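I keep these notes while going through one protein model. Each entry says what I looked up and what I found.

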Amino acid sequence: MKKKILVASLFSTLVLAACGSQPDTTGSGSSGSTKDAEAVTIKFAWWGADNRHDAMQDVVALFEEEYPHITVNTEYGAWDGWQEKTLTQLSGKTEADVMQVNYNWLFSFGKGKNIFMDLNEVSDYLTLDNWESSYLEAMQVGGEQAAVPHGMTGRVPLMNQALYEANGLELPTTYDDLLAAGEVIAKGNTPTGEDNQYAYLNVGEFSLDLFIAQMLYNYTGKIMQTAGTVNYSVAEVKEVLERYKELEDAGALPTFEQTSPIDTESNPQWVEGNAGSVYEWANSLAKWTNSYKGGDGLDELVVGDFLQVDADSKPSIYVKPNFGYAISKNSKHPEAAATFIEFLFTNEQAVKAAGDSLGISSNTVCYDLQVANQLVEGAVAEGYAKLDDYEQTVLDPYFEDENVRGERYTVYEAFRTGKFTSEEAAKQFIEKQQAALDKYYQE
């Protein structure tokens, strides 16, 4: 399925959508004062970096001031291990009332059955009409609105233009350009040198996985999987894996042995200016610009073009809902939970407090407020503008299922360390991934 993200220019003059009256959370079914409302407590859980943690706590404080009868307890942390923690809570029915959720969770957690509250049940408190129908459909399971998306996002290349200029190079636009750049930038590299320089950097397994997935899409014209079936032949995967290995061998990308174990924006190769690019979600670019040279090298960074097979083959780019908000079916106060989500998207002070920590919103009221307050700027704005220059393909939700994706990781590691030949890796890539889909995929 191919669709274009409906992100207008951030610099357009927009008329703010009316936010309407505050939803009633008293249970009376009509808008009115909350002065005498019964006191309730809900929990809000999310993952992210420090900038998001700080912003969301500010949003919670604003909400509690606006709705003094609702107390919001918070739970947050880094992405690493967050899915496992959420699954444990769901199994023990100790999950938060309001949960930030990843796109694939909606489908894989319930194996095709919605395990979250159908938000249509609280539509008196949460204005679903503030989203385009196609965005809502992306987060529907079995006809139920399992969550609402914050926005859409895709991985974009944030380029260290200064490193390329220092080596007399233009930024790469094709894989061949990147190969050639690697041979120049990495000419002084050693097998495991800490000061090595690379033309491109995939920080962490997610980045590597999407980089190779995009290569497969670019070279074959086919997406990874459709309706639970892997779409590639062994020959197609073998060719792309060999092309990827050529990039590593040329020094354009670090080898498995050269890869830093730090898979966050604190990666030393990036922080110290020794990487020519990171491949990161558009909504997360601010933390990477802030960590690069301690935030003192912003003028050296630019969002680059997506790599192409050749100069004439402009690719379609994988995108997905960056995350969404769901309400637990076990929540004792779903109306209050829905009121909090509505506040997060439609209260101007809350949107200002969130700043650029959440990326561009697909909620029309929130987006208009972001634009009016010039909240999404710099690399984040550049990243979304770059995405809007390309045709886009929404990732199948099972692409990010941990069981399915984990099989791809195993193959990448075995191939990159020499345990598998390209032929063996290609066969395992298809067979193991297909076996996981056969086990977990539900229509």
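**Entry 1: the core.** I began with a term: a nonpolar core is a set of buried Ala, Val, Leu, Ile, Met, Phe, Trp, Tyr and Cys residues joined through side-chain atoms within 4.5 Å. I also noted that the model is a predicted one. I then looked up the largest nonpolar core and found that it has 136 residues. The residues with the most contacts inside this core are Phe44, Val148, Phe211, Tyr325 and Phe340. At least three residues of the core come from domain 1, and at least three from domain 2.

Entry 2: I picked Phe211 and asked which residues it touches, not counting residues up to four places away in sequence. My list for Phe211 has Tyr175, Leu178, Tyr200, Asn202, Tyr244, Leu247, Leu253, Tyr279 and Leu307.

**Entry 3: the domains.** I looked up how the protein is divided. Domain 1 takes in 40-152 and 322-387, while domain 2 takes in 154-318 and 395-441. I found the C-alpha centres of the two domains 29 Å apart. On the domain 1 side 23 residues take part in the contact, and on the domain 2 side 24 residues do. I wrote down a general point here: the size of an interface is often given as the accessible area lost when the parts come together. Between domain 1 and domain 2 the buried area is about 1900 Å². Carbon and sulfur atoms give 62% of that area.

**Entry 4: a sheet.** I turned to an open sheet of three strands, with the order E10-E7-E11 and antiparallel pairing. Which strands are at the edge? They are E10 (277-281) and E11 (301-303), and each of them pairs on one side only. On average, neighbouring strands in this sheet are turned by 30 degrees against each other, direction ignored.

I reminded myself that strands of a sheet pair through backbone hydrogen bonds, either parallel or antiparallel. Strand E7 covers residues 155-160, and five bridges join E7 to E10. I looked up two bridge partners in E10: Val156 has Glu280, and Leu158 has Val278.

**Entry 5: what packs on the sheet.** Helix H7 (residues 205-220) packs on the sheet and touches E7 and E10. The direction of H7 makes about 95 degrees with that of E10. Helix H14 (residues 378-387) lies across E7 and E11, at about 30 degrees to E11. Is E10 mostly covered or mostly open? I found E10 mostly covered, with five of its five residues buried.

**Entry 6: helix H13.** I checked H13 (residues 364-372) and found seven of its nine residues buried. The buried ones are Val365, Cys366, Tyr367, Asp368, Leu369, Gln370 and Val371. Among the elements that cover them are strand E6 (148-153), helix H11 (334-346) and helix H12 (348-354).

**Entry 7: Pro334.** I followed H11 to Pro334, which has its place in that helix. Why does Pro334 count as buried? Its relative accessibility is 13%, and buried means under 20%. Leaving aside neighbours within four places in sequence, I found Pro334 in contact with Met117, Val122 and Ile327. I also looked up Asp97, which is 237 residues from Pro334 along the chain. The C-alpha atoms of Asp97 and Pro334 are separated by 7.3 Å.

Methods. Residues are numbered from 1 along each chain as its sequence is written. This is a predicted model: local features need pLDDT of at least 70, side-chain atom pairs count only at pLDDT 80 or more; totals for chains, interfaces and linings use all residues. Side-chain values use heavy atoms; hydrogens and water are left out. Buried means under 20% relative accessible area, exposed over 50%, partly exposed in between (1.4 Å probe, protein chains only). Domain bounds come from an automatic or database domain assignment. Contact means heavy atoms within 4.5 Å. Two strands pair if DSSP finds at least two bridges between them. Helices (H or I, at least four residues) and strands (E, at least two) are DSSP runs, numbered from the N terminus. Axes are lines fitted to C-alpha atoms, for helices over the stretch in contact, and angles run from 0 to 180 degrees between N-to-C directions. Buried area is the accessible area (1.4 Å probe) that two parts lose on being put together, summed over both.
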